[in-house]
Amino acid sequence: MSRRPTGWHFLQLPGPTNVPRRVLDAMAQPTVDHRGPGFPELTREVLDGLRWVFGTRHGVVVYPGSGHGGWEAALVNTLSPGDRVLMFETGQFGLGWTEVARRFGLDVEVIPGDWRRGADPSVLEERLSADREHAIRAVAVVHNETSTGAVSRVPDLRAALDRAGHPALLLVDAVSSLACLEYRHDDWGVDVTVSASQKGLMLPPGLAFNAMGPRALDASRGASLPRAHWDWTPMLERTEDGYFPYTPATNLLFGLKEALTMLRAEGLDDVVRRHRRHGDATRAAVQVWGLEVQCARHDEQSDVLTAVRLPDGHDADRFRALVRERFNLTLGSGLGKLKGRVFRIGHLGHFNDLMLLGTLGGVESGLALAGVPCRRGGVQAAMESLESSL
Ligand code: PLP
């Protein structure tokens with residue numbers, strides 16, 4: 001049989017995600033003058049929409065850039081050389097952020113982890129309580145660790161900071177949780193939230209975001225790490241009038257406006273519920289297959305993606321290559337030390353029940369064709385899970 005791909009390509013990475021036709025069409029408009037009279041209306045609309053998604057009444061900035069830029073912006077705007085930052089090894093992205101912090105000469109303290117759970121609030125409380133001089137200036141955590149599918153419980157981490165009576169800033173990476181999982185920047189007492197366009201916001205890669213609360217803004221006045229492109233101040237000043245200090249990614253902003261319209265029409269609670277249903281159904285399938293989910297704590301398993309461990313002796317990258325070739329289905333690879341050990345099913349963004357069932361069908365058939373020892377019936381279990389929560 002010919003292996004030339006026909007029909008839909010299933011892009012089931014945990015980002016970049018499928019981009020809705022409406023968003024693609026919105027971006028396929030002639031680029032406009034970003035210094036022209038019509039631009040402020042677009043800026044205001046996207047900033048209002050972003051504030052709503054982040055759950056904040058305060059400042060939000062939009063950069064042309066990727067999540068890495070958002071990480072860098074959060075650090076350089078709030079910290080000074082040599083400042084101590086407490087970070088968590090939740091997985092590859094937790095470690096990635098520590099690497100950026102190190103390169104800026106921050107004094108990075110990493111709480112080690114086994115890549116099978118989120119950041120532990122009791123460990124945070126203990127460490128902060130021991131820091132009587134308040135040498136730790138910031139705690140940085142990844143909300144949804146995309147390399148493992150483990151969620152850190154941000155409200156519990158905030159409570160740990162409060163119980164320890166510690167003034168460190170709380171910096172949260174919501175790159176793969178925003179517009180997927182419940183997220184409340186203000187209510188949860190987060191000081192800086194980092195995010196990007198290519199996940200729950202259903203856009204192509206290319207935009208990075210920071211949301212910052214009043215304590216973070218205060219900190220930015222005294223912070224002395226070098227900053228230019230990522231400096232919040234000109235961004236906040238210029239966008240107040242609806243303009244940007246440098247050329248924005250205009251057509252991505254057209255797409256963002258459309259994506260925000262779609263999210264508003266669905267409602268954030270329903271967006272979260274939709275992701276939960278798809279997370280539950282995927283886990284039901286994995287359980288029937290008899291395979292193991294990478295995140296070992298049930299209450300921290302992500303509704304954004306599921307990282308599935310393959311038994312010893314089975315290479316997850318070979319399996320991924322097989323499903324790509326046979327079924328035109330792209331799954332996420334294992335990152336860092338999980339390379340070849342796990343594959344990741346993205347179930348986020350522009351997605352529905354049948355897209356999930358198609359994806360799981362490809363995975364189940366692929367497992368059989370790859371000779372991975374597992375039971376059939378995972379797709380059936382996912383169907384039943386979805387039917388039970390219609
Ligand atoms: N943080 C998380 C949780 C991510 O999933 C990613 C990318 O997937 C990043 C940060 C880095 O973002 P980018 O690749 O857009 O720089």
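How many aromatic pairs does a search of the whole structure find? The search finds 6 aromatic pairs, where rings of Phe, Tyr and Trp (its six-membered ring) pair if their centres lie within 6.5 Å, and planes under 30 degrees apart count as stacked, over 60 as edge-to-face and the rest as tilted.

One of these is the edge-to-face pair of Phe-39 and Phe-244, with 6.4 Å from centre to centre and 80° between the planes. This pair links distant parts of the chain, 205 residues apart, since Phe-39 belongs to helix H2 (residues 39-54) and Phe-244 to the loop between helix H8 (232-240) and helix H9 (250-266); helices here are DSSP runs (H or I, at least four residues), numbered from the N terminus. Phe-39 is buried, with a relative accessible area of 2%, and Phe-244 is buried too, at 4%, where buried means under 20% relative accessible area (1.4 Å probe, protein chains only).

In the pair of Trp-71 and Trp-97, the ring centres are 6.0 Å apart and the planes lie at 10°, so this pair is stacked. It also links distant parts of the chain, with Trp-71 in helix H3 (residues 67-76) and Trp-97 in helix H4 (residues 92-103), 26 residues apart. Both Trp-71 and Trp-97 are buried.

The model is predicted, so local features need pLDDT of at least 70 and side-chain atom pairs count only at pLDDT 80 or more, while totals for chains, interfaces and linings use all residues. Residues are numbered from 1 along each chain as its sequence is written, and side-chain values use heavy atoms, with hydrogens and water left out.

Around the ligand there are 13 residues, of which Ser-66, His-68, Thr-146, Asp-173 and Lys-199 come nearest; a residue is near if one of its heavy atoms lies within 4 Å of the molecule. Helix H3 gives the largest share of this shell, 3 residues.

| Residue | Protein atom | Ligand atom | Distance |
|---|---|---|---|
| Gly-67 | backbone N or O | oxygen | 2.8 Å |
| Asp-173 | side-chain N or O | nitrogen | 2.6 Å |
| Lys-199 | polar side-chain atom | oxygen | 2.6 Å |

Of the 380 Å² of accessible area that the ligand has on its own, the protein covers 88%, with areas taken from the Shrake-Rupley method and a 1.4 Å probe.

Note on methods: Helix = DSSP H or I, 4+ residues; strand = E, 2+ residues; numbered from the N terminus. Buried < 20%, exposed > 50% of the residue type's maximum accessible area, 1.4 Å probe, protein only. Polar contact = N/O pair within 3.5 Å; in protein donor to acceptor, adjacent residues only side chain to side chain.
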